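User: I have a structure open here and would like to go through it with you. Could you start with the strands and then move on to whatever else stands out?
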Amino acid sequence: MVTVTQSDIQNIKRKALMTVLAHSVLSEIAEHLRAISLPAYENLREPENGLVMLRGRIGGDGAPFNLGEATVSRAAVRLPSGEIGFGYALGRNLEKAKLIALCDALLQSHAFAATLEQKVAAPLRDKLLARRERRAGQAAATKVDFYTMVRGEATS
């Protein structure tokens, strides 16, 4: 029997939130955060840009190799109640990394977790799913069904 702890549930929630925030646009995150009365927070790590090494595998299961580098932004913040949030964003977007870190800290706070889920995470998740469905629909519209082609035979 597998037991699931509160820590496991919290980690799952954080991972889900980070996925949504990483795929969201900065302006959308900022717009939804305005709906919350945000607490004061301090920057533990000023937002900064850096590089990460991307690894790849030939065929998905071959030997790993260094594919190249990608730019990433990161930040860390602390709420007055002690929660620490970390944020990473692909590219050179310092403000997005800071807002992701703030959301991570708010999710860990008992006072803000429910509000963050309702006013930020859920609307962003809905927009992300709608965007994915629209792209899937656009891709499906270009699908060609080769099985409907009929071979022309000359009859005499």
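Analyst: E1 and E2 pair in the antiparallel sense over 13 bridges, where strands are DSSP runs of E with at least two residues, helices are runs of H or I with at least four, both numbered from the N terminus, and two strands pair if DSSP finds at least two bridges between them. This is a predicted model, in which local features need pLDDT of at least 70 and side-chain atom pairs count only at pLDDT 80 or more, while totals for chains, interfaces and linings use all residues. Residues are numbered from 1 along each chain as its sequence is written, and side-chain values use heavy atoms, with hydrogens and water left out.

User: Which residue takes a positive phi in the hairpin of E1 and E2?
Analyst: That is Gly59, with a phi near 70°, in a hairpin that has six residues between the strands.

User: And what stands opposite Arg78?
Analyst: Glu42 stands opposite Arg78 of E2, and the two also form a salt bridge whose closest N and O atoms are 3.1 Å apart (a side-chain nitrogen of Lys or Arg within 4 Å of a carboxyl oxygen of Asp or Glu). Because Glu42 lies in strand E1 and Arg78 in strand E2, the pair ties together parts that are 36 residues apart in sequence.

User: How many salt bridges does the whole structure have?
Analyst: The search finds seven; among them, Glu48 meets Arg45 at 3.2 Å, N to O, and Arg45, Glu48 and Arg74 are linked in a network.

User: Changing topic, which residues make the nonpolar surface patch?
Analyst: Val52, Leu54, Ile58, Phe65 and Leu67 make a patch of about 440 Å², with E1 and E2 each supplying at least two of its residues. Patch residues have over 30% relative accessible area and no salt bridge, with like charges joined within 9 Å and nonpolar side chains (Val, Leu, Ile, Met, Phe, Trp, Tyr) within 5 Å; the areas come from the Shrake-Rupley method with a 1.4 Å probe, and for residues only the protein chains shown count as cover.

User: Is Leu67 buried or exposed?
Analyst: Leu67 counts as exposed, at 56% relative accessibility, given that buried means under 20%, exposed over 50% and partly exposed in between (1.4 Å probe, protein chains only).

User: What about H3, how many of its residues are buried?
Analyst: Twelve of its 15 residues are buried, so H3 is largely enclosed by the rest of the structure. Those buried residues pack against H1, H2, E1, E2, E3 and H4, contact meaning heavy atoms within 4.5 Å.
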